[in-house]
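Hello,

Here is the structure I promised to pass on to you.

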Amino acid sequence: MKEAIIRVCHKIFLPPYENKMRKNLKNKDFTFLASNCTAGIIYHRLGMKFLSPTINMFIWQDDFLKFVLDLPHYLDQKLRFIETDEGYPVAMLDDIKLYFNHYKTNEEAEEKWEERKKRMNMDNLFILMCDRDGITDEDMLRLNEVKCRNKVVLTAKEHPAVDFAFQLPEYANEDYVGYYLGKNAITDKTVVEKHFDFVKWLNGEPPKNCRI
């Protein structure tokens, strides 16, 4: 009964939300790189093809920062899958580790990585990371070295020195943001979607103008 009620709620709340997003989006050909599933969720909301290889996977923040700081190098590398205790494929990309937690086989993970890598639009690049894994203000500011249309770092605390930091109030008493992709059972919106207007950001607005 509970699951049936949730499905009905999603049918009521999701279509207006997603239709509004799609109507307001002006930028139609972007590559969204994220360190977790955020990009995949937003592409799905917008009904768009995945123009990013970082879909259905996650990367620790320090490795993600290395990745975006030297994209030409890492995108030229081949995945090297390794044995782990995880129940999903894990691969090295040169010296960084990629966790393909939504894939069942190495072959599937590699196929999707290579396929979506070819779709990337480097002239319309957006980057999202967060303050987990020991990321400092200095680390965040290094994103200024990346040529991209827009960037945001989701944080638990305010970071006045980082003008593209975006604080999530749920974690104001924590040292770093928690699981901000947790969804509301009724609306299906993630924690970050409650506060951050992804469409404004993808249309070019700075993060400080994207608070809902």
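R211 sits over the face of F166, 4.0 Å from the ring centre. For a charge to count as over a ring, NZ of Lys or CZ of Arg must be within 6 Å of the ring centre and within 35 degrees of the ring normal.

Before going on, please note that this is a predicted model: local features need pLDDT of at least 70, side-chain atom pairs count only at pLDDT 80 or more, and totals for chains, interfaces and linings use all residues. Residues are numbered from 1 along each chain as its sequence is written, and side-chain values use heavy atoms, with hydrogens and water left out.

F166 also has a ring partner. Its ring centre and that of F196 are 4.8 Å apart with the planes at 75 degrees, so this pair is edge-to-face. (Rings of Phe, Tyr and Trp, the last by its six-membered ring, pair if their centres lie within 6.5 Å; planes under 30 degrees apart are stacked, over 60 edge-to-face, and the rest tilted.) The pair links distant parts of the chain, 30 residues apart: F166 is in strand 7 (residues 165-167), while F196 is in the loop between helix 7 (191-195) and helix 8 (198-202). Helices (H or I, at least four residues) and strands (E, at least two) are DSSP runs, numbered from the N terminus. F166 is buried at 2% relative accessible area, and F196 is buried with 2% as well. Buried here means under 20% relative accessible area, exposed over 50%, and partly exposed in between (1.4 Å probe, protein chains only).

Both rings belong to a cluster linked by ring pairs, made up of F30, F32, Y43, F50, F126, F166, F196, F198 and W201. The count of aromatic pairs comes to 19. Another of them joins F100 and W113 edge-to-face, at 6.2 Å centre to centre and 90 degrees between the planes. F100 lies in the loop between strand 4 (96-99) and helix 5 (106-117) and W113 in helix 5, so this pair ties together parts 13 residues apart in sequence. F100 and W113 are both buried.

Strand 5 (residues 125-130) and strand 6 (residues 150-155) are joined by five bridges, and F126 has N150 in strand 6 as its bridge partner.

Just after helix 2, G47 has a positive phi of about 65 degrees.

The other open sheet has three strands in the order 2-3-4, with antiparallel pairing. Strand 3 (residues 90-93) and strand 4 share four bridges, and M92 is partnered by K97 in strand 4.

Best wishes

Terms used. Pairing = 2+ DSSP bridges.
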